[in-house]
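Subject: Structure for you to look at, with notes

Dear colleague,

Please find the structure below, together with some notes on what was found in it. I would be glad if you could read them with the structure open beside you.

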Amino acid sequence: MQVLVLGPVRVRADDGTPIEVGGARLRMLLARLALDAGRPVAADLLTAGLWGDTPPADTANALQSLVSRLRKVLGGPARLTSSDAGYVLKVEYVDADRFEETAARGRRELAAGRHDEAARLLGEALGLWQGDALSDVLDAPFARPPATRLEELRLAAVEDRFEAELELGRHADVLADLETAGRAHPLRERLVGLRMRALYAAGRQSDALAVFERTRVILAEELGVDPSTELRDVHLAVLRGEIASARPETDHLPVRLTSFVGRRDELDHVARALDAGRLVTVIGPGGAGKTRLATEAAARHPAHRRGRVWFVALAGVRDPGDVTGAVVSALDMLPIRRSHAIEPVDAVGHIAELVGGGDAVLVLDNCEHLLDAAAELAHELLARVPGLRVLATSREPLAITGEALCQLGPLDAPEAMRLFTERAATVRPGCTLEDDAVAEICRRLDGLPLALELAAARLRSMTVEQIVERLNDRFRLLTSGSRVALPRQRTLRAVVEWSWDLLAEPERALARRLAVFPGAVTVPAAEAVCADESLPADDVFPVLCSLVEKSIVDIRDGRYRMLETIRAYAEERLDEAGERDAVAGRFAEHYLRIAEADEAALRSADQLRAIATFEAEHPNMIAALRRAIDADDAVTACRFALVLNWYWLVRGWHEQLGEFMPGVLRFEGRVPADTAAALRAVYALIDGVPAAGLARAIIDDCVRSGAIERFPALSLVVPLLAFVVGEHELAERETRRVLARSDPWARACAHSVQASMFDNAGDLVAGERVRAEALAGFQAVGDRWGIAMTLGMQAAGNSLRGDHERAIAQYQHGLAMARELSSVQDMVQHLYRLALERMRAGDVEGAMRELDQAGQLADQPETHAMVRLATAELARRSGDLTLAHVALDKLRPELDDLPPHAGVAAEMLTMTTAALLITEGRSEPARELLAGALRKATPPDGARAAELAGRLFALEGKPELAASTLGLSEAIRGAFDAGDPELATLVASLCGELTTNAYRAAYDRGAALSKPEAIERLLAEFS
């Protein structure tokens, strides 16, 4: 959402749709909050800002009424929150903030001498203005000071932009605007000085002097002062003709035909390095934009304004002896050739003489194939010409004393998308591109500028979706480079081949073998997988370092990685060499050893270290698993699946199980029986609840084969699988079996399942006692996942008793555990429960805060569903029924995307929708929904259904039936929900209608039934 105050106060949705804010006072409130967006504004400040010295009689109610109206306009309480400190407007964009930030950045660029970027940023900042600031709320008492301040900042930005444009030699472009601004603000001396400079640059020296004289008179007559020292200095420079031209007399740089996108940090780095030293080399892989960055950096250097920057293109130079000749040619001289018959000419001396004294920059572009010659020349020139700086580009350093490096990698995602979009607009003007498709292209092409430009060129004949589909064959796809580019820059394959051809044979061997690693590589992994007779393990690390130097491999945090484009090319070379099977075999063996060595640690106090290992190596392990499935390697595939499945469970990555387990399970007859049984059990629990008979067969296989003893994870999976399919005797048997073992982690798991069984039977006291044993067991072994899971269940019990403080503390503790595990799903689940618990405790603001965090983390359909359900419930209980409907309407079409194990979301949607209908007084549709839910063989939440039925019957004027139905909730669950304020209100109302004794008698009739009888009675009421 966007709030605009640089002009009339307006609001726009994210897609640009205007949102109507009716009423001047409401716009005043919005504007006042927007000026402090994200920060609390105290109620007394708002009152003074809106009404001044004449507040309404009931100020608090008047302000609250305005706040409520504004919340509805903005879409609900999440946008406008309140706390003890005041009211907070939560919006993503306020144009005044964006203006100040962008103008400040432009001023910094101007001070640093980067005038192109300064002009762009300042123009962008000034383009945000749509009139006078706060123009339609200036009558508000608060409005004048911020409007005046913003106007002063705008004028300063205008002056900064004029200065940047003049420094770029664009006096003709801005002179008319300067004249207009000067007439509007005749006493702004900086504006006068800029106007004089522009007039002088346009050849109008006398007009410039006349402007100064008029200003001198006005200052004397109106203010009684003389012109400032700065303005007098400009006047003197005009008189003497000493104002330097902003344009270089000769531009020796290549013509830039397209915009330069991003790379602000790299440009700053090069500028600082050129200030601090005299040799800077921009290094990076082919296609990263080294030449363009160097050109931009040279154009922004102060020497460029004096025509003392030269560009030397070495890409077409093959003979190292021709490097000096290329430099001389760039200096506009005839090539100097060496001859055996004549004494060699001192070419370097001639170059030094031509460069002369004073600051100068020599750009040596594409040095990688001429490293020795380029390094020698640079070294000699720097020694002979004190004012010279050399800016080189290469795929590896020149490696001489004093060299500073600027490592150029892929563009960041936003910059890459902007580059692709800008280039696409030149190919297909007006085309609309889906952000997701553009992001996928940028990610798959590593953010390499040349690759993105080649892909954008394909839009002449393809859609962006067709480009995405063909990226697996990127070298065939990206062949539409500029006809005037060098041959090695016209296709993506040519770019990579140029780098590959510069490698020595050991470097090529290691590079092609590294292609089997989709993830980052450690040195031990590279040695284990890539070494053989032709490349001994002791040689791997030195060769790996050489590949880093030559920009074939990147290093970050001690791990090595290839760009995807280079890896794709290296894979072709791997197949060509016939080495894939041998290298892939060593690859799988290496990562199986790592995974199997650390799997048990995932359930111990060493859990975080093990998770860090699995996380770092997960892309490589997944690749090995996928290759084993594709290659029909049953043993390797099943070994990987067994060690990865618990990691996936702990991280909440159920989709990985759904993706790989079907492929693994087809090997069932070709692997040991215990392995097959364990895999089937895990998949049955996660993929969705199977039929009871099938579940029993799977469990019997686990017992018969000995899998339950061999694989620790089955200590939880087997009893829990029996319990969730309703095989309670089987669940009790398997729980006892696990409790008889000595493994403390297994016993904690069994206690956890046992507690759920007691809860299901309505014995909450026993459930709480056994759950405490489970928690103690998980704490003893240090399993954070088990601790978090158990704390969440304990918190639910405390919530039922109305002990919100303890429940919140337990949920917070569980959330901390989930954060340590980096389990997004568990974090969202704890935040979801925290939000609901705070809501039950009456802390609406706190609930919204937790829900906001959950929404920011949610990254799967299942977690999005949690957030939408909690949003609907919170909005309903807060009285924002429109927002509740919106949240549920968004969830309904998303249900098909949920995995089978998340089917409970559909049941919760039914319950939440029924609750909303009852709140709205719509008993008939609510009755139909509840009836449909209760007709299922196993009601999703019988106690919750009974509570809703009690509310429904009260709405229908049946207080006695409502009371007995609330009693059914205790019979089904084992306890009444004493922590729900909505139920407390209902009970008070029923006691008022029936008397307390009558209510208690009706309630007890329902509560006295057994659980099956209670469910049957509830079903009968809806039959």
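This is a predicted model: local features need pLDDT of at least 70, side-chain atom pairs count only at pLDDT 80 or more; totals for chains, interfaces and linings use all residues.

Strand β10 is covered on both of its faces, since L388, V390, A392 and S394 on one side and R389, L391 and T393 on the other are all buried, where buried stands for under 20% relative accessible area, exposed for over 50%, and partly exposed for what lies in between (1.4 Å probe, protein chains only).

Residues are numbered from 1 along each chain as its sequence is written, and side-chain values use heavy atoms, with hydrogens and water left out.

The sheet around β10

Strand β10 belongs to an open sheet of five strands, which follow the order β8-β9-β10-β7-β11 with parallel pairing. Here helices (H or I, at least four residues) and strands (E, at least two) are DSSP runs numbered from the N terminus, and two strands pair if DSSP finds at least two bridges between them. The edges are held by β8 (309-313) and β11 (403-407), each of which has a single partner strand, so one side of each is left without a neighbour in the sheet. On average, and with direction ignored, neighbouring strands of this sheet are turned by 20° against each other; axes are lines fitted to C-alpha atoms, for helices over the stretch in contact, and angles run from 0 to 180 degrees between N-to-C directions.

Strand β9 (residues 360-365) runs parallel to β10 (residues 388-394) and is joined to it by five bridges; in this pairing A360 stands opposite L388, and V363 stands opposite L391. Helix α12 (residues 290-300) packs on the sheet and touches β7 (279-283), β8, β9, β10 and β11, with a direction that makes about 160° with that of β10, a contact being heavy atoms within 4.5 Å. Helix α16 (residues 371-384) also packs on the sheet, where it touches β7, β9 and β10, and its direction makes about 165° with that of β10. Strand β7 pairs with β10 in the parallel sense, again over five bridges, and L279 has V390 as its bridge partner in β10.

Salt bridges

A search of the whole structure finds 87 salt bridges, each being a side-chain nitrogen of Lys or Arg within 4 Å of a carboxyl oxygen of Asp or Glu. In one of them the side chains of R190 and E163 meet at 2.7 Å, N to O. Because R190 lies in helix α8 (residues 189-201) and E163 in helix α6 (residues 144-167), this pair ties together parts that are 27 residues apart in sequence. R190 counts as partly exposed at 33% relative accessibility, and E163 is partly exposed as well, with a relative accessible area of 23%.

Another salt bridge is formed by E179 with R195, whose closest N and O atoms are 2.6 Å apart; E179 sits in helix α7 (residues 171-184) and R195 in helix α8, 16 residues apart. Both partners are covered, for E179 counts as buried at 15% relative accessibility and R195 is buried with a relative accessible area of 12%.

A further pair is E453 and R423, with the closest N and O atoms 2.9 Å apart, and it links helix α19 (residues 449-457), which holds E453, to helix α17 (residues 413-427), which holds R423, across 30 residues. Here E453 is partly exposed, with a relative accessible area of 29%, whereas R423 counts as buried at 9% relative accessibility.

The chain as a whole

The protein chain has 50 helices and 13 strands, and 53% of its 1023 residues count as buried. Along its principal axes the C-alpha trace spans about 110 × 90 × 50 Å. Helix α1 (residues 24-34) is mostly covered, with nine of its 11 residues buried.

With best wishes
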